[in-house]
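Work through the exercises below with the structure open beside you. Each task is followed by a solution in steps.

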Amino acid sequence: MSATADHRPRYVIGVTGLNAIDSPGPGVAVIRALRESPDFAVRIIGLSYEALEPGIYMHELVDKTYQLPYPSAGTQVLLERLGEIHEREGLDVIIPNFDAELPNFVRLASRLAALGIRTFLPTLEQLEARDKLNLRAFGEAHGLLVPRQRLLHRADELAAAADELGYPLVVKGRFYDAVVAHTLEQARKAFHQISAKWGLPVIAQEFVQGHEINVAALGDGTGRTLSAVPMRKLYITDKGKAWAGITLEDETLLQLARRFVAGTQWRGGCELEIMRTADGRPYILEINPRFPAWIYLTAAAGQNQPAALVRLALGLPTEPWTQYAVGRMFIRYAWDLITDNHEFHQISAFGEL
Amino acid sequence: MKLKKNIATSETGFIFNPATGDSFTANALATEILQLLKQDRSPADIKTLLLNRYDVEPNQLEKDWDDLVAQLRDHQLLD
């Protein structure tokens, strides 16, 4: 940490998830929010996995980028790489933004803290509890509505699942992908496609009709919700991602987020993916254990969740927000970022830019 | 009949339901009626005012009124 001319403290923050593609990572949005914090200035260290992650080349947002080893390389390799980066940059905080990398960062949290690098992450038990495979049981334990589901290890289990859950039937991968099947034949095809790509088990889930709503929330680890902002998806891509959305005023959704955070003592950012039925019942479809890609909307609505997470990570006092702007919208757009191929070569060959 | 308290309306006919995120555009007459509803005027009051202000038969007004109420209810804008 060092002082700047405007007397705000200046923190060096590492951020992953720089892939601002059609199914974007949250990193660029997190950085944008951090740069708008009135409390502190930042030097942003991008942490990338692929040389074509657009955030690497957004120099107005990212001061320097280093490549990280893939999560499958394990914690020791990651720790060594982060140690090298820390020696050069003096990282104060790291905000990981990918589901797949979170377990490694959680396992390393205390060792990173010993180096002086702070994180603010859920525990491994919290990650496991809200995993898609366990979500139904999790909902029952905490009084949350979750669609009925069956875990399938063989395609011939589909018929019984469909008899129980009815059609249309949602066939989901354990990590990603979901297909709405209207017949057993469609369900079988989806099972084979999804199991080939994402492995077993495949999830057969009851179809719930309604409006898709997401809530971005921040828990302080003691059961307190510091922020919760609901957003209705107004435009949805063929990958199910929100391309436009609007903040909502709905106490039911805020209470749902608070109940989740209190019940789990959630530590860090999270996103509740909800389907609200015509009669107003909110079904939780998924709980993501990190900020969503639309997280900048929380800052635009008056609750800068990424900036608050930095304060939590640093042990600074952070009070819950009570207000946010309702009717604030985001409309995502694609932008052809131009760079020179020497930058691409630099990050590809040397792992930094 | 009452509009939900949190429904936002503008003089230009824009309606926003902050609980659902839905937006609507109302025509000039519907906008006028919504403004009167927001002032807590009763349906009977509003109908009398419209009959005095516009060249419309009571039967036609009742039919149009019922259509509007059905749409407002359908879009969850009424208490």
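**Exercise 1. An annotated region**

What percentage of residues 136-314 of chain A is helix and what percentage is strand, and how far apart are the end C-alpha atoms?

Solution. The coordinates belong to a predicted model. Start with the record: an unreviewed UniProt entry gives residues 136-314 of chain A the annotation "domain: ATP-grasp". Next, count the secondary structure over these residues, which comes to 32% helix and 35% strand.

**Exercise 2. The overall form of chain A**

Decide whether the radius of gyration of chain A agrees or disagrees with that of a compact globule.

Solution. Chain A has 353 residues, and a compact globule of that length would have a radius of gyration near 20 Å. The value for chain A is 21 Å, so the two agree. Inside it, chain A has eleven helices and 15 strands, and 43% of its residues are buried. Now consider contacts in chain A between residues at least 6 apart in sequence: 64% of these join residues at least 24 apart.

**Exercise 3. Backbone details**

Solution. P168(A) is in the loop between α6 (158-165) and β7 (169-172) of chain A. The bond from Y167(A) to P168(A) has omega near -5 degrees and is cis. P201(A) is in the loop between α7 (184-198) and β9 (202-206) of chain A. L200(A) and P201(A) are also joined by a cis peptide bond, with omega about 0 degrees.

Then turn to phi. D177(A), in the loop between β7 and β8 (178-181) of chain A, has phi near 80 degrees, a positive value in a residue other than glycine. D177(A) counts as partly exposed because it has 16 C-beta neighbours inside 10 Å.

**Exercise 4. A residue in a strand**

Is V229(A) buried or exposed, and which residues does V229(A) touch?

Solution. V229(A) is part of strand β11 (residues 225-236) of chain A. A residue is buried if 20 or more other C-beta atoms lie within 10 Å; V229(A) has 29 such neighbours, so V229(A) counts as buried. Leaving out residues up to four places away in sequence, V229(A) touches V215(A), A216(A), T247(A), L297(A), T298(A), A301(A), Q303(A) and Y324(A). For another distance, compare V229(A) with G240(A): eleven residues apart in sequence, they are 20 Å apart in space, C-alpha to C-alpha.

**Exercise 5. Between the chains**

How many residues of chain B are in contact with chain A?

Solution. Six residues of chain B contact nine residues of chain A. On the side of chain B, three are nonpolar, three are polar and none is charged.

How values were computed:
Residues are numbered from 1 along each chain as its sequence is written. Chains are lettered from A and ligands numbered from 1 in the order in which they are written. This is a predicted model: local features need pLDDT of at least 70, side-chain atom pairs count only at pLDDT 80 or more; totals for chains, interfaces and linings use all residues. Helices (H or I, at least four residues) and strands (E, at least two) are DSSP runs, numbered from the N terminus. The radius of gyration is taken over C-alpha atoms; the globule rule is 2.2 Å times the number of residues to the power 0.38. A residue is buried if 20 or more other C-beta atoms lie within 10 Å of its own, exposed if 12 or fewer, and partly exposed in between; C-beta atoms are placed from the backbone. Two residues are in contact if their C-beta atoms, placed from the backbone, lie within 7 Å. UniProt positions are given in the numbering used here, feature names are shortened, and annotations may be inferred rather than shown by experiment. Ala, Val, Leu, Ile, Met, Phe, Trp, Tyr, Cys and Pro count as nonpolar, Asp, Glu, Lys and Arg as charged, and the others, Gly among them, as polar.
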